[in-house]
Amino acid sequence: MHPRQAVRTQIQNAIEAIPAFLPVSSIVVGGANRIEDSQLPICYVILAGETETLLNSNFPQNDYSRDLTVFVLLKTKNKDRIDAIIECEDYARQVEDSLLKPNSIALSDLIKSISYSSFEISEPRENDPTFSVQLSFSVKYIDSFLRS
């Protein structure tokens, strides 16, 4: 399993562990596809680009660190802009607390740190009449060169 897959799973597990959050079936890992209103609210966990590979003499010989951007996209059923944003901000706060707390279950031997990067509100589009909030996190994880 590639470490990115393990990162995705650990982030998902941390979000699924939030008490009284969304049902597990409403937490989707992967791309954000068109969904029906009946499926809302929904939370997507999406991996974006890796921005840095750091070779460091402080790591064991075959290890190095990587920074990976993870987006958490929250869509609400609410059609009123202010109410939708308030609803999404509540979900966003729960996700932030779960991922950023010092004892987060997302942290492991693989994931060394998670930092908050940005918060963005998206307006409805023609084919997607939902408001959404996107959180961006930078995840530093440790990988290893394949040993030959």
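Me: Happy to start with the surface: what makes up the accessible surface of the protein chain?

Reply: Bear in mind that this is a predicted model. The accessible surface comes to about 8,300 Å², and carbon and sulfur atoms account for 49% of that. As for burial, 41% of the 148 residues count as buried.

Me: Why is Ser104 called buried?

Reply: Its relative accessibility is 5%. Buried means under 20%, so Ser104 counts as buried. Ser104 is found in the loop between helix H2 (81–100) and strand S4 (111–122).

Me: How do you know that the side chain of Ser104 makes a polar contact with the backbone nitrogen of Ala106?

Reply: A polar atom of the Ser104 side chain lies 3.0 Å from that nitrogen. The cut-off for a polar contact is 3.5 Å, so the pair is within the limit. Leaving aside neighbours within four places in sequence, Ser104 is also in contact with Ala14, Ser98 and Leu99.

Me: Which residues touch the most other members of the largest nonpolar core?

Reply: They are Ile11, Ile15, Phe21, Leu74 and Val95, out of 30 residues in that core. Elements giving two or more residues to this core include helix H1 (3–16), strand S2 (42–54) and strand S3 (63–75). Val95, for its part, is in contact with Ile15, Ile18, Phe21, Val72, Leu135 and Phe137, leaving aside its neighbours within four places in sequence.

Me: What pattern does the protein chain follow along the sequence?

Reply: The pattern is α-β-β-β-α-β-β, with two helices and five strands.

Terms used:
Residues are numbered from 1 along each chain as its sequence is written. This is a predicted model: local features need pLDDT of at least 70, side-chain atom pairs count only at pLDDT 80 or more; totals for chains, interfaces and linings use all residues. Side-chain values use heavy atoms; hydrogens and water are left out. Helices (H or I, at least four residues) and strands (E, at least two) are DSSP runs, numbered from the N terminus. Buried means under 20% relative accessible area, exposed over 50%, partly exposed in between (1.4 Å probe, protein chains only). A polar contact is a pair of N or O atoms within 3.5 Å; within protein, one must be able to donate a hydrogen and the other to accept it, and residues adjacent in sequence count only if both atoms are side-chain atoms. Contact means heavy atoms within 4.5 Å. Accessible areas come from the Shrake-Rupley method with a 1.4 Å probe; for residues, only the protein chains shown count as cover. A nonpolar core is a set of buried Ala, Val, Leu, Ile, Met, Phe, Trp, Tyr and Cys residues joined through side-chain atoms within 4.5 Å.
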